[in-house]
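Please have a look at the model first.

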Amino acid sequence: MQPVATELHLPSRKDVHAFEDRIFHYLRYSLGRKREGASRENIYLALAFAIKHDLLDRMIETVERYERNDAKRVYYLSIEYLLGRFLRDHMRNLGMYETARLAVREFGYELDDILNVEPDAGLGTGGLGRLAACFLDSLATLGIPCYGYGIHYEYGMFRQEIGNGYQLERPDSWLREGMPWQVERIHRACYVPLYGEVIDGVDRHGRRNPMWLDWKLIAGVPYDFPVAGYGGRTVNILRLFSARGSEEFDMSIFNAGDYIRAVEQKIRAETITKVLYPSDAVQVGRELRLIQEYFLVFCAIRDILARHQRQHTTFENLPEKVAIQLNDTHPALAVAELMRVLVDHHEVPWDRAWEIAYRVFGYTNHTLMPEALETWPVSTLEAVLPRHLQIIYDINQRFLDDVAHRFPGESDRIRRMSLVQEGSVKQVRMAHLAIVGSKSINGVSRLHSDLVRTHLVPDFAAMYPERFNNKTNGVSHRRWLLYSNPELAGLITQALGNAWIADLGSLRALEHYACDDAFQREFLRVKQANKDRMSALIKEMLQVTTNPASLFDVQVKRIHEYKRQLLNVLHIIHLYLRAAEDRRLEEVPRTFVFSGKSAPGYQTAKLIIKLIHNVANVVNRDRRVRDLLRVAFLPDYRVTLAERIMPAADLSEQISTAGMEASGTGNMKLAMNGALTIGTLDGANIEILEEVGAENMYIFGLTAEQIEAYRRAGSYRPRELYEKDAAIRRVLDALGGNLFCPFEPGLFQPLFRSLVDGGDPYFHLADFSSYVAAQERAAKDYTDRAGWAKKTILTVARMGKFTSDRTVSEYAKEIWGVEPVLD
């Protein structure tokens, strides 16, 4: 079957030759290269410039359309954007893929060869940044006026290498080959103030007038990236800011004869946007993180207000024209910054400024772990942003006065809700600032949103019940199904037509084919072809041979204890010991595929990566299980690698500790590609279960309520499970012994102790037996090929809810109050 084409008509030879001429134009006049001997890298850049030609035309037309309609705009503030590659999606969305494919052949290359030249733009660590990228795609596709704002990091998420099973972090220079998509807007540079002091004064009306003085300035230079929606009608803008020295270097220092110090200051300024998430293990790293966040906030708020002022002479209508969404707590300083600009620069009275500001903001929470909610020491804020600390104190005082009025005599409630956490080191709670300063607070799955209200911030939910809501996450099905899995997309289109590309809900009609023998055969053929490619990739990357007919069991995501890659490994050890020592041979051969990165300072997660590799070394070399088990860890997980893994998955591991995963989006991507889910009742798994049906998922484990009950009662005893359950004891003895670390004795003892005597905080042992039973059910079902095909087809058919088109439509209608602008 041919991959589905997104163009309505195949290009004419005239169109192909015209586009070939355009590529040659950029090859010659932008790159200074001849046609003869042009490298893949040369053709990639020339092709990108040729596509960018159309992108910029449509981007300018889109901006003019918004201005002509005086449209309300959404401004999406995110510290991360996990964008992946641009070229393929731009060509597909503009309807130029086939034209480009045929034109590139005239230069002696296949388009796939050219696409593989492009590096991933990895300006994020995982779900937070990938969600932001999916939202941008859907916003443009739906024609919703939007600007994304972020940071133009020089180095993105580190490039992961594996040395002797250990994660090694290497710089990820995503700009090393040049970045053809960006447009530098040096004329829109702004100057960001930092440090200094605040002097209290009075204005000409005799009112208090704090003045922020003696600050140091950092220049913020915007770079625009076009974001094309499907069909190319709308091209929105992602604006990323890069830090520069305020005037190349400080001339006063230079003129005093200290050239070296002047240059050093310039270099220090530019380190602000050097790396994503500098280490916060030392004070200078934490301070740099705070500066990064304020740098983004200042540049974004200045840009937003400047755009508003070009069409309006008052800020009174700001909430009717501007909606700012805070993607987690990192941009929460935007609340204080908008108040500072309105009050200090534009002399808007405080109460009126507050009424304007809180109606502009919405806040999305992405975590239920209190330790992951950002706080900043008061002393750090006082040094770096003294005026903002004052404003936060002023917001807090007015807010606590309101709390005291609403809940008289409840001093504990006031303490819990305060924006400032008292203690030996006073801390500002950024989530509290975002909640108080926003008209809307949402979680990202129904369970998560309920837990935000009932467990994370119940006092705020009691005070502002109307502000709390749920917006279950979704993913861009065009990237994750249409473009990443073209054979499956082609099969779907052959059956249903192409309406599903713009309306994923229409996939429901695929249910009619779930029991169709011919369609099942084609569906399984497509899956097998993807698995064949996956086996070849594993061989290429790891020199490990796998059986493409085996059950591909996939867990790809950030490495974290609560995501429980360790539970997956415990099950692999269980299968290995049963097969190798007991000769209980599995009916279904299995290939276990892992991929993901650990935070550089997260030693337990890095030890789990080492464990996966050591288990793989033992299992893959043992002839007793050679035809039954294989384990593969693919290094440097990123968007492009995910796009190759997900179409091949048979079983999707979504096994987080219940009540700890906010939503998950990998569960949605894998299910859309025909993988069945084995998972806990956590995050969006619950809503996927409701859609696809319990008979098409493998649910196991404790519920969030049961885990919370154990924690409250302190009644969970993992050592008792270890002592009473022979299967658990056998697996853990293998883990704690030297079977998987003969050359580093005792290496995995910390994991053993954490599980047995450390309280097993993520309930691995409590869920182990249930997990093994669910795995056995999945293996049994896999042997019934027709039955398995029916389950997978029904799963794909019922994933319509989980497109980001649906999610952003809900944001637009229920939070932002914006509508598509198409004319």
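## A helix pair and a strand

The crossing of H20 with H21 is right-handed (the near helix is turned clockwise from the far one by less than a right angle). This is a predicted model, where local features need pLDDT of at least 70 and side-chain atom pairs count only at pLDDT 80 or more, while totals for chains, interfaces and linings use all residues. Residues are numbered from 1 along each chain as its sequence is written, and side-chain values use heavy atoms, leaving out hydrogens and water.

Helix H20 covers residues 486-496 and helix H21 residues 517-542; their axes lie 9 Å apart at an angle of about 165 degrees. H20 is therefore roughly antiparallel to H21 (angles over 145 degrees). On the H20 side, the contact (heavy atoms within 4.5 Å) uses Glu-487, Leu-488, Leu-491 and Ala-495. From H21 come Phe-519, Glu-522, Phe-523, Arg-525, Val-526, Ala-529 and Arg-533. The contact residues of H20 with H21 comprise 7 nonpolar, no polar and 4 charged ones.

Now to strand S1, residues 73-77, where 5 of 5 residues are buried (under 20% relative accessible area, 1.4 Å probe, protein chains only). Arg-73, Tyr-75 and Leu-77 point one way from S1, whereas Val-74 and Tyr-76 point the other way.

| Partner of S1 | Residues | Sense | Bridges |
|---|---|---|---|
| S13 | residues 322-327 | parallel | 5 bridges |
| S4 | residues 146-151 | parallel | 4 bridges |

Leu-77 stands opposite Leu-326 in S13, and its bridge partner in S4 is Tyr-149.

Definitions and conventions
Axes are lines fitted to C-alpha atoms, for helices over the stretch in contact, and angles run from 0 to 180 degrees between N-to-C directions. Helices (H or I, at least four residues) and strands (E, at least two) are DSSP runs, numbered from the N terminus. Angles under 35 degrees count as roughly parallel, over 145 as roughly antiparallel, 65 to 115 as roughly perpendicular and the rest as oblique. Ala, Val, Leu, Ile, Met, Phe, Trp, Tyr, Cys and Pro count as nonpolar, Asp, Glu, Lys and Arg as charged, and the others, Gly among them, as polar. Buried means under 20% relative accessible area, exposed over 50%, partly exposed in between (1.4 Å probe, protein chains only). Two strands pair if DSSP finds at least two bridges between them.
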